[in-house]
Amino acid sequence: MDTSLKGKVWKYGDNIDTDVIIPARYLSTSLPEELAPHCMEDIDAGFAGVVSKGDIMVAGNNFGCGSSREHAPLALLGAGISCVVARSFARIFYRNAINVGLPIFECPEAEEGTQKGDELEVDLEKGLILNRTRNVSWTARPFPPFLRELIGLGGLVPYVKKQLGAS
Amino acid sequence: MSSYTLAEAIIASHTKDPVAAGNICGVNVDFAFTNDITAPPAIREFRRMGASKVFDPKRCAILPDHFTPNKDIASAEQAVVGRTFAREQGLLYWEVGRVGVEHAFLPEQGYILPGDIILGADSHTCTGGALGALATGVGSTDLAGAWALGATWLRVPETYRVDLEGALSPWVGGKDVILSIIGRTGVEGARYMAFEFRGEGAGSLSMDARMTIANMAIEAGGKAGLFVPDSVTLDYVKLRAKRPFRAVLPDEGAHYARRMTLDLGVLEPVVALPHLPENVRPAKECGDMKIDQVFIGSCTNGRLSDIEQAVGILNGRRVHDRVRLIVIPASYEVYNACLDRGYLKVLAEAGAVISTPTCGPCLGGHMGILAAGERCVSTSNRNFVGRMGSPKSEVVLAGPMVAAASALLGRVADPREVA
């Protein structure tokens, strides 16, 4: 399995909240493909129409703050975003992203050293982030062991399935 | 034996794993709920997990409160998914007309109790901290896991201890307390942490004020906002509790990652200006900030004492010609009490729109969407870009007294201006 992602960077600032990622007025569905056309529209109306499959989102502190809507990582996945690199994540978004299979990496240095349009390459297993445009690389903060295990199993759904089978 | 903060002590009573801040523990869950928006993805994931029955139908609930009474065909279809699953599972479900806004309804009906671990697929689940429960918001998949297993994983949060001193002045309420705290911490100052509110000042606060404060812990990035249970808590729950509970207290000598002391007596009526809850300033320092709409309600400020505070200001007066005032009691217990006490008549005579319980306008769902260029003073919890409608609209967060005074004057106002 190829564990490396390559994509063009979409860059945003601090406190990108889940209302901005997917406004509540579109929450009458939870299907990624139906959410995707409205992803980020309140702060970047051009995003959904131009984003390419595999693009990478890079943002500042507290990414995904606000509502618990799992529709936020689903909308990003639906839009084609392959992973999010941020200085820090809000806690519910952090859990949700792991649960729906959106890779996330906490790496302030990568946020500082990356601009919109840069080409990034991310090694999912090692948490290695390479900026090919600037030829710089960084290592993201490692996940705690339990979360590594959860991600390795394929997320919470297989984890619970296993627990139910065991009991 | 370690000395535990309140959050640690509650986790320790629900796990076999070693409890220390930063550890990840498997915990039993006492109660797990979703709403009409978060239920469909939770149900989808529940089935993908291969689960067939929820762990205990008396501890699992679906509350149709967000886009209800259904605002359009899509939200009606979505509500059917939750309703059908609730019937199939025999889990707790209350229909429109009986249900309330989840974080007002569940504590009032005795489903959230001191010492509990509560998961809700809604970020304002932290409201339950007012009762001394470790209540925290999660996404739909985590909630589905809790429905299937009756358990989840939690990272033991560091604790941010807030010692409240003194007592509130007239015209100052719970919303002014929590906005003042967020003004100090910023929107991520308590990220991943649990607030522990305590002290003599905490003891002087009503349950309604405590729920307003706990509700917005998430707006500082918090996982939970816990009040140490006291006689006020126990008086509130003893007539409501739907099941046995055991209140948990923090230990002496526990380690607190951060601390803050706040004198309630010096607080003033405040607002949070667009577009972050940390943009806090005194209501009297907002100049001539004209408004188009006022919303009094939500899981933050839709309880009886909130409506009562607004009514005290609106009684015998008329809402400003340019302003639409929308009042939504957050539960039927609150709605009916407002009816019995004549509050709804006062509000109607003042020129307010009154709706039955719904989250509605707080998240830009329905019942008061803002147009481009419009500004709303709202007693809800978030003033993010586009939160209540157009991305070019603005939301100013405030308590019900500031909201009522603003409705009368047509601009952001300090309630003492109309006292």
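1. How many residue pairs are in polar contact between chain A and chain B, with both residues at pLDDT 80 or more? The count is 21, a polar contact being a pair of N or O atoms within 3.5 Å, where within protein one must be able to donate a hydrogen and the other to accept it, and where residues adjacent in sequence count only if both atoms are side-chain atoms.

2. On conventions, this is a predicted model, in which local features need pLDDT of at least 70 and side-chain atom pairs count only at pLDDT 80 or more, whereas totals for chains, interfaces and linings use all residues. Residues are numbered from 1 along each chain as its sequence is written, chains are lettered from A and ligands numbered from 1 in the order in which they are written, and side-chain values use heavy atoms, with hydrogens and water left out.

3. At the interface, 43 residues of chain A are in contact (heavy atoms within 4.5 Å) with 47 residues of chain B. The two chains bury about 3,700 Å² between them, 58% of it on carbon and sulfur atoms; buried area is the accessible area, with a 1.4 Å probe, that two parts lose on being put together, summed over both.

4. Two salt bridges are counted between chain A and chain B, a salt bridge being a side-chain nitrogen of Lys or Arg within 4 Å of a carboxyl oxygen of Asp or Glu. Arg387(B) forms a salt bridge with Asp19(A), and their closest N and O atoms are 2.8 Å apart.

5. On the side of chain A that touches chain B, at least two residues each come from α1 (18-21), α4 (71-79), α5 (91-100), α7 (145-153) and α8 (156-166) of chain A, and α5(A) gives the most, with seven residues. Helices are DSSP runs of H or I with at least four residues, and strands are runs of E with at least two, numbered from the N terminus.

6. The largest pocket has a volume of about 630 Å³ and is lined by 25 residues, of which Leu124(A), Glu125(A), Phe143(A), Ile151(A) and Gly152(A) lie nearest its centre. The elements giving two or more residues to this lining are α5, β4 (104-106) and α7 of chain A.7. A pocket is here an open set of points on a 1 Å grid over the protein atoms alone, where a 1.4 Å probe fits, with protein on both sides within 12 Å along at least five of seven lines; lining residues have an atom within 4 Å of a point. Volume is the space filled by probe spheres set on the points.

8. The second largest pocket holds about 330 Å³ of space, and among its 19 lining residues the closest to its centre are Tyr94(A), Glu106(A), Pro144(A), Arg155(B) and Tyr192(B).
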